[in-house]
Amino acid sequence: MVVEKPVPEFWAWLPWALLNWGLTVVILAMVAVGLGFLGATLRYGPRVAWQKVLRLLRAIPEDLLYTSPRRLWALTRLAVKEAVRRRVVVGFAVFIVVLLFAGWFLDPTSEHPAQLYLSFVLDATGYLVLLMALFLSALSLPSDIRYRTIHTVVTKPVRPTEIVLGRIFGFTLVGTVLLLVMAPISYAFVLRGLAHTHTLSAEDLSPVDAEQTASDAQAKVGYTDRVRGHRHRVQVEPVARRGPTEVVRDHWHEWTVDRSGGETRYRLSGPRGMLQARVPVYGKLRFRDTKGFDIDKGIDVGDEWTYRTYIQGATEAASVWTFQGVTEDRFPEGLPVEMTLGVFRTHKGKIEREVLGALSVRNPRTGLTVEVEIFESKEFSVKQIWIPRKITEFSGAEVIPRRQRLIDGSVDITPPPERMNPELANRDEFDLFEDLVDDGTVEIWLQCLEGGQYFGAAQADLYLRAADAPFVLNFLKGYVGIWLQMVLVIAFGVMFSTLVSAPVALVAQGGVMLLGFFKDFMVQLGRGELIGGGPSEALVRLVKQENLVIQLNPGLGTKLVKMFDTVAELFIRAMAALLPPLSDFSFVAYVADGYNISANLLAVRTLTALAFLIPVALFGYLFLKTREVAQ
Amino acid sequence: MSPRASFYRKIIYLAAVSLLLAVLYPVSHPSTSGGDPGGVLAQVRHDHQLTEAQLGDIDPTGETIKLATFGLRGVAANILWTKAFNYKKKKDWTKLSATLQQIIKLQPHFLVVWRFQAHNLSYNVSAEFDDYRQRFLWVIKGIEFLKQGVRYNEREPRLYSDIGWFTSQKIGRADEHKQFRVLFRDPEDFYGVFAQDPVYPPSARPMEFRDNWLVGKDWYARAEEVAEREHVPVSEILFYSHRPKCQMNYAEALEEDGVFKEKARQAWSRAEREWNEYGNRELTVGRGQVIRLNDFEQYAADVAKYREQLEAMAPGLRKKLQEEKRARLSKAEREALDTPPEKRTQAQWQLAGEAEAKLVVDHREVAQRVTGSKRRQALELAQKLRTAERLGARIEGYRSIVAFPWWRMHAQVEQTPEALAARELIYEADEAYRLGDLVTAKAKYDAGLEKWREVLDNPRFPTLVGDGQYGRELRELIGKYQRVLDKRDEPFPEDFILQDIIDRHGEPIEP
């Protein structure tokens, strides 16, 4: 699975995140107070303005502290009723229609059908629920204010906090119920879409050894029939009654044989192993260059996508993952390694086979390195390699020191030459935990064995598959991501609706959603890192139909354009900092690619959502409080 | 507002709506299967053969999606294109395929989409895979994509032609063409090369014709048929050359696979016949002129004949005119001409060029100097000569685009018994070398080289010894022969049978 933005470890992230958040909130509060004071001064003069600001500041703690759960619940129910009245069920109907016709767009003969189906249902659900949240939240308060139905609420003893939170909670409740209904339907849709089986008859199988005559006493191999553009190889052992087929397109089937009545009949189950939730343990990646020195990154082979960097074959270059917490309790039988590789050939090599690579395990303290597997590379699919506890079959063992160039130019060698013991390698058998794991730390080395060929790797490309989580639970976690996005959209919608009229709130909220999904782009734009320049430079290029990479003609016009962009970038940077990173809350890739959504990821994202929710709700309250309608 | 005013306003609105509908109806009401030809727009669409049914299969999915975008089809297509590029960049092939399917639902009749994305799949995406079987799968996916395009655009010869190109050239000329051709011929059709093919289902094609060159040729034939039927303008010189060239490549591929004798001879004979048919085809070029590539020989014969007749009317006159012109050159120009080219200065090169242009004697100049009763006839001859030369030169220019004479000679050479035998012997020698049997390899190479000598000495092909393409191929062959001699510690023969090839084209090329 591609992980372009690694998720930080929760406890390491928390203090910095809290500090950052606190500072931002304080600055925002100061700006808000300043602007409020300025506005009031223009209207009433500084003296009255000051009194009003003070009164407001005094009212905030009171409103917050005396918010009544009973009134809040009443207002929540009101919001729910309103949502139902606004035909929220239409969203659900659209969802069903989309699923009904989805078969037109989804290709069940795809190489990774589960990935396709899962990403489709999660994306479709997400878009629909977010649209619903957008319309409900942005339109509700303004229409109440416009038609003065809000007076039936504000004339009662309710606080603005209760109105704002009531709306947020009410709409969230509606959305949650909707998601709870959509989740099982989507799951059933995926299961139904992926369901298929094959047929296999005795005639499809022939003896493994073609020299011998067919008899029941030897293994037979053959292929199932072709369904959805694929078939499976089956090997039937003479006495076996059931067994797995070969894995094709991320799944396999279980065959059972019925030999009663003198006839042999085979039956195949539905697809197995398609829906997974692997629990990966990631290591930290570093590289070795061709001379055996540590480097942070491998070679850039000119790929436009710089996610992976490469190591040169038949040299000392290697990609090295260091894993921690590798203990006997966690991996009593050995290490289940899974990896995805990039391969770059500079010459044809052997066309009929893939490039050879080697996987080694190294003890970081002693330097003992055992080459446990030589394999053929396989791109764009997950390759599994099992490193057993007792390593008796290996292609080589030696003691290799780690060489690091230090800042002062000297070289640090671990272990130092005087403590290196080459005798460690002169053994016929190695124990994973006694010989290769040092205090829970172990290194796994990947090397390319063919000259002129390269292997590419990124940190998440190789991991230990610690366990498998229940897929259904992971699927639900995927929905939690959508839920977090929905809550944020609702909160922003309610906040805007307390301030401006319905169409403006809709546009503003739509803008936040759109920009929130493209926050990374906004950040890059704000930092001036995008090819083609800032907004005005891009406009000039568009109008003049100029290439993105050529320099604009020097002159006053270009100077003005650049100056404008410099100012715009400051504004964009500030905007980007305030936007919720909506795409970060999407866990679709995890569910679709079959990786468990970790508690760490959930915790980081939930807290991030909360960090946006608190100030947004607070601002919503302040806007409503200062509007005359609510006073 | 009084209820009456509101009522009147509604009446006015209704009237306006009715008026607009009344105008709109004759313009845009659709045609029906009951015989109603529809409104003006429907009729214009029909007359220009632009209705969905006339363009190809009707796709209800695409129509639904187009409607569902509420007029934002362009925006949706743009977003999807950006997504497709991003998925390609990040090597997410599953999503790339899915996005392409969405794009074509929105733009089913936008030809560039089909051609660009099919090329993307067959050439760019396939190259990303390390496993040659996966590469093959993606080449086929590109071809499948084009076949899908053909279903929606039955009248577009370029799509048929692209399928022909991908099937023949991409599979037959790739680095891994040997492996690709084997996968293509797979009796079980594991990769679905022929699956769901409306035009050439597997049942319609016996195994021996499941060759990528022959299948590609069939698609080119379809492309030609559609182009002629629909009068679609194409670049005719190249467009009509693809089909016969496929036959040439098929014959070559047969020999590469070790198939010789009568089957290979028939393949080459057919290649010559089809190339000749192509040469006889009327081709529209330039601004609507019609030529035939085989007419060049006729014009060349005419030129020779007229020139001879003109020279006979005034023997030695052309030479005399040339001398007169030379006498009129300046001293510096004469010096430049007399200086050997390799010793000329920059200025002399320019002067020599100008002088050579001045020395050219036009046929009309010759004719005008003819006196007496023959003058009129000479002038007519000069005119004919000029016309024949001009037309011949034009055809020659077009012939050079497809190397027309070379391919004709190639097909003729290859079907001679000597060439067939030479190729078979060399194939056997290569196989023997591969198996480590140096004795057989050398014997077969010797025999093969002798056969090549006979081919080169065939008086039908006087230009063969000097031909660069054959020269290179023979240098590679001599390189392989030399390798066998080296391994056997034998010296390279002093009286080598193809020494003239080495002298003319250069040293042997190491294999």
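Analyst: Start with a term. Two strands count as paired if DSSP finds at least two bridges between them. Keep in mind that this is a predicted model.

Now the sheet. In chain A, seven strands form an open sheet. Their order is β9-β8-β11-β22-β14-β15-β18, and the pairing is antiparallel. Which strands stand at the edges? They are β9 (294-295) and β18 (396-399) of chain A. Each has a single partner strand, so one side of each is left without a neighbour in the sheet. In a regular strand the side chains alternate between the two faces of the sheet.

Arg288(A) stands opposite Asp294(A) in β9(A).

Asp294(A) has another link. Arg402(A) lies in strand β19 (residues 402-405) of chain A, while Asp294(A) is in β9, so the pair ties together parts that are 108 residues apart in sequence. A search of the whole structure finds 78 salt bridges over all chains.

Next, some other strands of chain A. Strand β1 (residues 205-207) pairs with β2 (residues 220-223) in the antiparallel sense, over three bridges. Here Ser206(A) stands opposite Val221(A) in β2(A). β2(A) also pairs with β3 (residues 233-236) of chain A, again antiparallel, over four bridges. Tyr223(A) has Arg233(A) in β3(A) as its bridge partner.

Two loops deserve a look. Most residues other than glycine have a negative phi, and most peptide bonds are trans. Arg249(A) has a positive phi, near 50°. This residue sits in the loop between β4 (242-244) and β5 (254-258) of chain A. The bond that joins Thr414(A) and Pro415(A) is a cis peptide bond, with omega about -10°. Pro415(A) is in the loop between β20 (411-414) and β21 (430-431) of chain A.

Now turn to the partner chain. Chain B has 25 helices and two strands. Its C-alpha atoms fill a box of roughly 110 × 75 × 45 Å along the principal axes. The radius of gyration of chain B is 33 Å, whereas a compact globule of 511 residues would have one near 24 Å.

How do the chains meet? The contact takes 25 residues from chain A and 27 residues from chain B. About 2500 Å² is buried between them, and carbon and sulfur atoms give 52% of that area. Trp305(A), Ile351(A) and Phe380(A) supply 23% of the area that chain A buries against chain B, more than any other three residues.

The rule finds four salt bridges across the interface. In a salt bridge between the chains, the side chain of Lys90(B) meets that of Glu4(A) at 2.7 Å, N to O. There are also eight residue pairs in polar contact across the interface. On the side of chain A that touches chain B, the elements giving two or more residues are α5 (113-146) and β13 (342-345) of chain A. α5(A) gives the most, with three residues. That side divides into eight nonpolar, five polar and twelve charged residues.

Notes:
Residues are numbered from 1 along each chain as its sequence is written. Chains are lettered from A and ligands numbered from 1 in the order in which they are written. This is a predicted model: local features need pLDDT of at least 70, side-chain atom pairs count only at pLDDT 80 or more; totals for chains, interfaces and linings use all residues. Side-chain values use heavy atoms; hydrogens and water are left out. Contact means heavy atoms within 4.5 Å. Buried area is the accessible area (1.4 Å probe) that two parts lose on being put together, summed over both. A polar contact is a pair of N or O atoms within 3.5 Å; within protein, one must be able to donate a hydrogen and the other to accept it, and residues adjacent in sequence count only if both atoms are side-chain atoms. Ala, Val, Leu, Ile, Met, Phe, Trp, Tyr, Cys and Pro count as nonpolar, Asp, Glu, Lys and Arg as charged, and the others, Gly among them, as polar. The radius of gyration is taken over C-alpha atoms; the globule rule is 2.2 Å times the number of residues to the power 0.38.
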